[in-house]
Amino acid sequence: MLDAIRWDTDLIRRYDLAGPRYTSYPTAVQFHDGIGSFDLLHALRASAQAKRALSLYVHLPFCAHICYYCACNKVITKDRGRSAPYLQRLLREMELVGRHLDPEQVVEQLHFGGGTPTFLSHDELRQLMAGLRQHFNLLDDDSGDYSIEIDPREADWATMGLLRDIGFNRVSLGVQDFDPAVQRAVNRLQTLEETRAILEAARTLQFRSVNIDLIYGLPLQTPESFAKTVAEVIALQPDRLSVFNYAHLPERFPPQRRINAEDLPSPGAKLEMLQRTIEQLTRAGYRYIGMDHFALPDDELAIAQEEGSLQRNFQGYTTHGHCDLIGLGVSSISQVGDLYCQNSSDINDYQSTLDNGQLATRRGLHCNNDDRIRRAVIQQLICHFKLDFTAIEQQFNIDFRGYFNDIWPTLESAASDGLIRLDAQSIDITAAGRLLVRSVCMLFDSYLPMQSTQRFSRVI
């Protein structure tokens, strides 16, 4: 079966390295400050000329409470008035971007992330969606994938009704862990009942899909306590689950300094948590999509993987990888054609730049032909666990074995270890290797030897 996984502790210990998540190739670590707003405007015009479909990401950075594990770009404040000036700059950015697009370019996918998007008032959420509809061609027939991240502590039935009314049909609920001791250790107190209420509201209001996020490796977690959380989540029957590995990097993310490192579970305990989680989810009928993602068999991601059309971009696993992705808001990333670019990560800089009538693009890169080849290889491996050399050869007019001759001995070694099956025509990632798909992708990353892996989380 496509979703089969085999647990191999020895293989995991050998290949559980620190490395990128490959929401893009090249990764954001390679972005440089030689990319600015002119590059984005040029790429937008090319997108308009080709009338390519669009995916929009809107970053809403505000949170009323700090979660100690969080590594997102965020603004912690109790002052709900902080969102109004930011919203005005977002609307200005939409105007500047939208004028370079073609009205026929349909927005197939929309995602609000954060932060806590529901930090905004109901009026502000309506205003934001009205602005998006004014400057972009949003679908009105509920056929798009329009999703929003929700903190169940920051939402109620009225909020869910509003979100459905303004066009959202997918929600992602942050949970992380239901154990009260773990919640106190990471400063996120959230009851099962709060979460269930929002999920039931989503179902009653006919949201198409519900995702739940969990994190293993948090302070005070044990394999037994986390298994209980997973069982409680399975009982809620979300359509998708994301089960993330907590990466403790306090030197990079200051809020994590409030976590007592002595309370973190051992590497062995973390492995046991993941193994138990996979067993529980598999027994419950969930399919392993890849990395930390699981979905029910009738979910669009599972179907796309079966059909060979699943893709991956800055939105994660997606059925809309063919779209040009436009990021709006502080720190957001766009992928338009062969251009990657990112807005300023400083909210004051982001806002002042837009006040001057300029886009806040600060860094990025243009993909070269080698990037395109390796991106196609990594995309196939990370989405489908296999790679047909002929398809790459025909697409890019190369001899695969010759092009990647320098890493062929490494591939043969990975095959000997049981990570992959390798022959003259293809690579297949084994059932035991699927949990380590990032490690396979890393073999094709030409930038990785030149950078520190301390910037990345471990594969498992």
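1. Let me start with Asn-245, which lies in strand β9, spanning residues 240-245. Please keep in mind throughout that this is a predicted model.

2. Is Asn-245 buried or exposed? Its relative accessible area is 14%, and because the cut-off for buried is under 20%, Asn-245 counts as buried.

3. What does the side chain of Asn-245 make a polar contact with? The partner is the side chain of Lys-270, at 2.5 Å.

4. On to the helix pair. Helix α8 (residues 223-236) packs with helix α9 (residues 267-283) at an angle of about 25°, and their axes are 9 Å apart. Since angles under 35 degrees count as roughly parallel, α8 is roughly parallel to α9. The crossing of α8 past α9 is right-handed.

5. Which residues meet between these two helices? From α8 come Pro-223, Glu-224, Phe-226, Ala-227, Val-230, Ala-231 and Ile-234. On the α9 side are Ala-269, Glu-272, Met-273, Arg-276, Thr-277, Gln-280 and Leu-281.

6. Finally, helix α3 (residues 83-98) has 16 residues and reaches 22 Å from its first C-alpha to its last, close to the 22 Å expected at 1.5 Å a residue. The buried residues of α3 include Tyr-86, Leu-90, Met-94 and Val-97, and also Arg-89 and Glu-93.

Notes:
Residues are numbered from 1 along each chain as its sequence is written. This is a predicted model: local features need pLDDT of at least 70, side-chain atom pairs count only at pLDDT 80 or more; totals for chains, interfaces and linings use all residues. Side-chain values use heavy atoms; hydrogens and water are left out. Helices (H or I, at least four residues) and strands (E, at least two) are DSSP runs, numbered from the N terminus. Buried means under 20% relative accessible area, exposed over 50%, partly exposed in between (1.4 Å probe, protein chains only). A polar contact is a pair of N or O atoms within 3.5 Å; within protein, one must be able to donate a hydrogen and the other to accept it, and residues adjacent in sequence count only if both atoms are side-chain atoms. The expected span of a helix is 1.5 Å times one less than its number of residues. Axes are lines fitted to C-alpha atoms, for helices over the stretch in contact, and angles run from 0 to 180 degrees between N-to-C directions. Angles under 35 degrees count as roughly parallel, over 145 as roughly antiparallel, 65 to 115 as roughly perpendicular and the rest as oblique. A crossing is left-handed if the near helix is turned anticlockwise from the far one by less than a right angle, and right-handed if clockwise. Contact means heavy atoms within 4.5 Å.
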